[in-house]
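Please find below a colleague's note on the model under review. The sequence and coordinates are shown first, and the comments come after them.

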Amino acid sequence: MATVELRFSALPEHVRTARLVAAAVARRAGVDEAVLDEVRLAVGEACTRAVGLHQTGGIAAPVKVALIEDEKQFSIEVGDEAPHAVPGDRVPGSGPDADAETEEDEMGLAVISGLVDDVEVSAGEHGGLIRMTWPTTPVTATLS
């Protein structure tokens with residue numbers, strides 16, 4: 001299992017770099033060319049979400065991205081360190097701003113779910129993780 005790890009400051013300008021690295025590693029891992037745009041978009045959405053959570057929460061820790069190449073699949077994990085409330089819980093003192101942030105967060109997760117067939121989202125008081133997985137086809141070497 002080969003893994004590439006990327007950590008970046010929670011700044012929007014670094015999301016593009018994460019997207020480019022993810023697409024390059026996905027291509028090398030054997031993800032179908034027709035799916036690479038979906039990989040880019042999903043990683044961009046997940047990283048933008050993590051950056052927003054870090055900025056809103058005043059978290060200085062970097063956003064973490066792991067690109068994992070297994071024998072028959074390629075996975076990308078985007079992690080944040082923002083505390084997440086359990087769905088359905090109301091935070092005391094929350095108002096329209098909190099509702100708007102929750103709605104935006106849910107919209108981002110819906111976009112990711114629409115782009116990726118195999119998505120796992122986990123969240124807790126110490127952060128969250130989005131794991132996205134795509135099948136791969138063996139890359140055959142061509143001899144010249």
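The numbered points below treat the basis of the model, its fold, its core, one aspartate and the salt bridges.

1. Basis of the values. The model is predicted, so to speak of local features a pLDDT of at least 70 is required, side-chain atom pairs count only at pLDDT 80 or more, and totals for chains, interfaces and linings use all residues. Residues are numbered from 1 along each chain as its sequence is written, and side-chain values use heavy atoms, with hydrogens and water left out.

2. Overall fold. The protein chain holds three helices and five strands, where helices (H or I, at least four residues) and strands (E, at least two) are DSSP runs numbered from the N terminus. Of the 144 residues in the protein chain, 37% are buried; buried means under 20% relative accessible area, exposed over 50%, and partly exposed in between (1.4 Å probe, protein chains only). Among contacts (heavy atoms within 4.5 Å) between residues at least 6 apart in sequence, 68% join residues at least 24 apart.

3. Five strands form an open sheet in the order 1-2-3-5-4, with antiparallel pairing; two strands pair if DSSP finds at least two bridges between them. Strand 1 (2-8) and strand 4 (118-124) are at the edges with a single partner strand each, so one side of each has no neighbour in the sheet. From one strand to the next, the twist averages 10°. Axes here are lines fitted to C-alpha atoms, for helices over the stretch in contact, and angles run from 0 to 180 degrees between N-to-C directions.

4. The hairpin. Strand 4 is joined to strand 5 by a hairpin through two residues. The two strands run antiparallel, and seven bridges connect strand 4 to strand 5 (residues 127-135). Within this pairing, A123 stands opposite G128 in strand 5. As a general point, side chains in a regular strand alternate between the two faces of the sheet.

5. Helix 2. This helix (residues 36-57) lies across strand 1, strand 2 (63-69), strand 3 and strand 5, and runs at about 15° to strand 3. L41 is found in helix 2 and is partly exposed, at 47% relative accessible area. The C-alpha atoms of L41 and I112 are 8.1 Å apart in space, although 71 residues separate L41 and I112 in sequence.

6. The core. Which residues have the most contacts inside the largest nonpolar core? They are F74, I76, V78, M132 and W134, in a core of 30 residues. A nonpolar core is a set of buried Ala, Val, Leu, Ile, Met, Phe, Trp, Tyr and Cys residues joined through side-chain atoms within 4.5 Å. At least two core residues come from each of strand 1, helix 1 (15-29), helix 2, strand 2, strand 3, helix 3 (96-115) and strand 5. Helix 2 gives the most, with eight residues. Leaving aside neighbours within four places in sequence, M132 is in contact with residues including A42, V43, A46, F74, I76, V78 and I112.

7. A buried aspartate. D80 lies in strand 3 (residues 73-80) and is buried, with a relative accessible area of 6%. The side chain of D80 reaches the backbone nitrogen of A82 at 3.0 Å. Not counting residues up to four places away in sequence, D80 touches R49, A50, L53, H54, H126, G127 and G128.

8. Salt bridges. The whole structure contains six salt bridges, each defined as a side-chain nitrogen of Lys or Arg within 4 Å of a carboxyl oxygen of Asp or Glu. One of them joins R28 and E69 at 3.2 Å, N to O. With R28 in helix 1 and E69 in strand 2, the pair ties together parts that are 41 residues apart in sequence. E69 is buried, with a relative accessible area of 18%.

9. Further pairs. D37 and R40 meet through their side chains in a salt bridge of 2.5 Å, N to O. These residues are three apart in helix 2, so about one helical turn separates D37 and R40. D37 is exposed, at 51% relative accessible area. E33 forms a salt bridge with R27, with the closest N and O atoms 2.9 Å apart, and R27 is partly exposed at 39%.

Conventions. A polar contact is a pair of N or O atoms within 3.5 Å; within protein, one must be able to donate a hydrogen and the other to accept it, and residues adjacent in sequence count only if both atoms are side-chain atoms.
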